[in-house]
Amino acid sequence: PAETEAALSDAFGPDWRTALDLDLLPESTLGSGCIASVFRGRLGEQDVAVKVVHPGVKQSIQADLRILTAVTRAMEWAPGVAALGLANSVEQFAGLMVGQLDLRTEAASLTRFAQNFDSQDDIT
């Protein structure tokens, strides 16, 4: 919880709790994956879900991608390997992984989803 609170303070400032009532206890976690955890909260009168990237995940993924890129580049010196396009595959994979770390992309998609289905009472 201390690392999560620090991440929220970095993102929203030290007074983030004045606007957002968030339960950071492990038993209140709505979900957790290898990149982030989702917590239940309230923003004013509205129930919200807050997703926070786990500490150190960005640095770990960036380090892994640097290693993968270096190994791929070294392998391309071997006869016939360059034709496989490994460097391009790693570059595309890296783009997808880095995209997973930017939760603003997911937020924009959720906003668009809500707008697209705003008139549907049976979809929330």
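Student: Where is the place of Cys34?

Tutor: Cys34 sits in the loop between S2 and S3. Helices (H or I, at least four residues) and strands (E, at least two) are DSSP runs, numbered from the N terminus. This is a predicted model, in which local features need pLDDT of at least 70 and side-chain atom pairs count only at pLDDT 80 or more, while totals for chains, interfaces and linings use all residues. Residues are numbered from 1 along each chain as its sequence is written, and side-chain values use heavy atoms, with hydrogens and water left out.

Student: Is Cys34 buried or exposed?

Tutor: Buried means under 20% relative accessible area, exposed means over 50%, and partly exposed lies in between (1.4 Å probe, protein chains only). Cys34 has a relative accessible area of 70%, so Cys34 is exposed.

Student: Which residues does Cys34 touch, not counting those up to four places away in sequence?

Tutor: Contact means heavy atoms within 4.5 Å. With that exclusion, Cys34 touches His54 and Val57. Cys34 and His54 are 20 residues apart in sequence, and their C-alpha atoms are 7.8 Å apart in space.

Student: How do S2 and S3 pair?

Tutor: Two strands pair if DSSP finds at least two bridges between them. Strand S2 (residues 29-32) and strand S3 (residues 36-43) have three bridges and pair in the antiparallel sense. Thr29 stands opposite Phe39 in S3, and Ser32 opposite Ser37 in S3. The two strands form a hairpin with three residues between them.

Student: Which strand forms a hairpin with S3 that has two residues between them?

Tutor: That strand is S4. S3 and S4 (residues 46-53) pair in the antiparallel sense over eight bridges. Ser37 stands opposite Val52 in S4, and Arg42 opposite Asp47 in S4. In the turn of this hairpin, Gly44 has a positive phi of about 70°. S3 is also joined by three bridges to strand S1 (residues 20-22), and these two run antiparallel; Leu20 has Leu43 in S3 as its bridge partner.

Student: Is Thr4 buried or exposed?

Tutor: Thr4 lies in helix H1 (residues 2-12). The relative accessible area of Thr4 is 14%, so Thr4 is buried. Leaving out residues up to four places away in sequence, Thr4 touches Leu24, Phe39 and Val52.

Student: At what angle do the axes of H2 and H3 cross?

Tutor: Axes are lines fitted to C-alpha atoms, for helices over the stretch in contact, and angles run from 0 to 180 degrees between N-to-C directions. The axes of helix H2 (residues 57-75) and helix H3 (residues 86-101) come within 10 Å and cross at roughly 175°. Angles under 35 degrees count as roughly parallel, over 145 as roughly antiparallel, 65 to 115 as roughly perpendicular and the rest as oblique. H2 and H3 are therefore roughly antiparallel to each other. Among the residues making the contact are Ile61 and Leu65 of H2 and Val90 and Phe93 of H3.

Student: How does the whole chain read along the sequence?

Tutor: The chain has four helices and four strands, in the pattern α-β-β-β-β-α-α-α. The radius of gyration is taken over C-alpha atoms, and the globule rule is 2.2 Å times the number of residues to the power 0.38. For 124 residues the rule gives 14 Å, and the chain has 20 Å, well over that value, so the chain is more spread out than a compact globule. Its C-alpha trace spans about 65 × 40 × 25 Å along the principal axes. Of the 124 residues, 19% count as buried.
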